[in-house]
Amino acid sequence: MEKTIINKVQKVVKGILPFSLLTLLPLFNSCNDFLDIQPQNEVVLENFWKEKADAASVLTSCYESLESNDALTRMLVWGELRSDNMKAGSSTPNDVNEILKESLLPSNPYCNWAKFYECINRCNTVCHYAPQLQQIDPNYTEAEMKANVAEATTLRALAYFYLIRTFRDVPFSKEPSIDDTQNYILPATPFDVVLDTLISDLESIKGDAVRRYFVDESPKAWQNSSKVTRWTVYALLADLYLWKGDWDNAIKYCNLVIDYKRQQYEEALQLYGNINDVALIDSVPMILEKPVGMTTCGYAYTTIFGTGNSFESIFELSFESPQSVKNDMVSKYYGNSNYPQGYLSGSDILFKDVAQGNNTLFKKTDGRAYEGGELSGSRYTICKYARQSVSYKTNPVPSTEKDLGLSSSLRAEGSPYANWIIYRLSDMLLIKAEALIERAQGDDFDKAFALIDIVNKRANDAVNGTRSSTLKKSDYIDSKAAMEELLLDERQREFLFEGKRWYDLVRVARRDGKNTRLVNLVTRKYQENVNALKIKLADPNIIYFPYAKNELKVNPLLKQNPAFTNGDDTELTK
């Protein structure tokens with residue numbers, strides 16, 4: 001990487017340990033020439049912020065924090081492991097097994113939140129210095145500065161959003177650690193206060209974010225979904241409002257993104273005249289599983305998860321070969337061509353007897369089941385993200401997986417460049433559907449069902465008259481409980497292994513004011529000690545992770561989650 005950030009950071013900034021050692025020696029640990037030390041015991045950032053390239057350098061480091069395998073692994077572990085999606089795979093590390101068994105302790109290394117606070121501090125630094133830099137460098141326009149601040153504010157909000165969904169209440173600050181006089185011994189800020197602040201921050205910068213970096217036909221158009229755009233801000237706002245229970249605003253921001261995708265589709269039609277791989281499914285443009293003229297399905301999977309930065313993408317962490325940063329997480333936890341069975345496997349409830357039509361979650365025509373996992377010995381190997389491409393027949397309807405004629409290519413162990421998707425078009429459809437169900441006014445259930453059906457139709461190749469929808473409105477439309485169950489099931493089918501399922505269950509538990517639905521769904525995957533686990537998971541505090549043992553040592557104002565204050569806390573080896 002060109003001159004960007006670090007080698008000159010030679011000391012630990014005092015007082016920041018409670019932010020998880022967030023800006024220790026590797027305050028900006030991936031680039032070069034960031035800070036001078038004048039004198040030896042004082043960090044002087046002002047000597048770095050001299051031209052607009054410096055702002056770009058620090059912004060790059062913000063992305064690098066989230067793209068690190070430490071952060072990626074936690075996005076997966078925090079968002080999936082405790083859900084009904086996951087079981088142990090091959091050579092599963094002990095600390096992962098402990099989480100899978102609900103034996104989570106504060107000494108577990110996955111309680112470490114350092115990379116997220118590292119990202120937050122880098123974003124804080126951009127927000128602090130960029131306005132000052134704009135006054136110094138005449139080439140750094142106000143619009144560029146505001147766009148940079150919007151970008152940093154959004155990444156910071158995303159990092160905090162991961163933290164509050166995982167730990168509930170967390171230390172919160174928007175001030176950068178720029179000298180050793182600042183006090184970062186902070187108590188945890190309540191979930192709702194952080195959530196409201198993130199919403200307010202994004203509302204204040206949404207108009208400053210870049211709409212599009214490159215035209216869609218440009219070779220660099222992939223950057224439109226690998227960098228924060230206005231549509232990223234809107235998607236994140238929709239999600240934040242969903243967690244807040246502000247249904248109208250969640251719907252509003254989903255509509256803005258969906259309308260933009262319609263605009264992109266219309267622009268492509270005008271440019272090319274005909275599009276074979278994207279089509280309107282009930283007025284929403286979606287990538288087809290079987291494009292016009294093709295005889296096999298799997299195209300949507302290959303485009304969205306194999307190639308990455310697809311038409312449907314809104315924001316994803318991108319790993320473009322041959323860049324040095326790689327996504328080793330998918331290779332280790334899901335598998336690769338050399339080791340198809342990773343640390344994790346899919347629960348039997350997800351895939352058992354799909355092809356025979358006896359699975360309660362997936363219809364036998366639903367491609368997501370075959371794309372997401374496959375039976376390997378006694379386990380269901382996770383294939384989503386690990387597969388680089390997929391192709392399979394849809395006619396006749398399969399009676400076994402082999403009837404599909406499924407062929408796929410797993411990513412090579414030495415080429416771990418799978419992107420990690422944060423938001424895509426399906427998110428907007430299903431967030432909007434959930435908000436409509438919870439608002440429950442007028443024809444909201446009809447509208448919500450239509451959105452869920454769009455996602456389901458694409459997965460079952462029910463477009464252009466090739467198949468009818470597998471969902472019957474009459475089975476759901478008369479009951480809010482049935483609609484909620486349909487929505488949760490469709491989110492599970494669509495976002496399988498994408499780091500969202502546990503967070504979905506936590507959101508439902510928060511809304512219900514009790515863990516009953518979460519407990520009933522999660523404990524389906526267990527064969528032993530089910531009643532004991534049900535009792536344990538009924539505690540409203542236990543759905544969050546404990547604070548790391550090391551954090552409690554350095555921050556006396558941080559009080560442990562009461563669900564984790566008892567019991568033997570032996571050290572685990574990562």
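How many cavities of 30 Å³ or more does the count come to? The count comes to seven, where a cavity is a set of points, on a 1 Å grid over the protein atoms alone, at which a 1.4 Å probe fits but cannot get out. The structure is a predicted model, in which local features need pLDDT of at least 70 and side-chain atom pairs count only at pLDDT 80 or more, while totals for chains, interfaces and linings use all residues. Residues are numbered from 1 along each chain as its sequence is written, and side-chain values use heavy atoms, with hydrogens and water left out.

**Largest cavity**

- The largest cavity has a volume of about 150 Å³, a volume being the space filled by probe spheres set on grid points that are joined across faces, edges and corners.
- Of the 16 residues that line this cavity, R165, D239, Y423, R491 and K500 are the closest to its centre; lining residues are those with an atom within 4 Å of a point.
- Two or more residues of this lining come from each of α5, α8 (230-244), β14 (420-424), α14 (425-439) and α17 (501-512), where helices (H or I, at least four residues) and strands (E, at least two) are DSSP runs numbered from the N terminus.
- By residue type, the lining of the largest cavity divides into seven nonpolar, one polar and eight charged residues; Ala, Val, Leu, Ile, Met, Phe, Trp, Tyr, Cys and Pro count as nonpolar, Asp, Glu, Lys and Arg as charged, and the others, Gly among them, as polar.

**Second largest cavity**

- The second largest cavity has a volume of about 120 Å³, and of the 15 residues that line it, F305, R368, E371, R424 and E494 lie nearest its centre.
- At least two residues of this lining are supplied by each of α10 (299-307), α13 (367-372), α15 (444-459) and α16 (480-494), and the largest share, four residues, comes from α10.
- The lining of the second largest cavity divides into six nonpolar residues, one polar residue and eight charged residues.

**Nonpolar core**

- The largest nonpolar core has 169 residues, and those with the most contacts inside it are L163, Y334 and L344; such a core is a set of buried Ala, Val, Leu, Ile, Met, Phe, Trp, Tyr and Cys residues joined through side-chain atoms within 4.5 Å.
- Helix α5 (residues 142-167) gives the largest share of this core, 14 residues.
- In soluble globular proteins, nonpolar side chains tend to be buried together.

- Helix α4 (residues 114-136) has 23 residues and reaches 33 Å from its first C-alpha to its last, close to the 33 Å expected at 1.5 Å a residue, the expected span being 1.5 Å times one less than the number of residues.
- α4 bends by about 35° at A130, and a proline, P131, follows within four residues; the bend is the angle between axes fitted to the seven residues ending at a residue and the seven starting there.
- Because 18 of its 23 residues are buried, α4 is largely enclosed by the rest of the structure; buried means under 20% relative accessible area, exposed over 50%, and partly exposed in between (1.4 Å probe, protein chains only).
- α15 has 16 residues and reaches 23 Å from its first C-alpha to its last, close to the 22 Å expected at 1.5 Å a residue.
- With 13 of its 16 residues buried, α15 is likewise largely enclosed by the rest of the structure, and D461, whose phi is positive, near 55°, follows this helix.

**Residues in loops**

- S469 lies in the loop between α15 and α16 and is partly exposed, with a relative accessible area of 26%; S469 and D453 are 16 residues apart in sequence and 7.3 Å apart in space, C-alpha to C-alpha.
- Y385, in the loop between β11 (379-382) and β12 (387-391), has a phi near 75°, a positive value in a residue other than glycine, and counts as buried at 0% relative accessibility.
- F497, in the loop between α16 and α17, has a positive phi near 65° and is buried, with a relative accessible area of 0%.
- I542 lies in the loop between α19 (530-537) and α20 (549-554) and is buried, with a relative accessible area of 4%; the C-alpha atoms of I542 and A563, 21 residues apart along the chain, are separated by 5.4 Å.

How values were computed. 1 Å grid on protein atoms, 1.4 Å probe; cavity = no way out; pocket = protein on both sides within 12 Å on 5 of 7 lines; lining within 4 Å.
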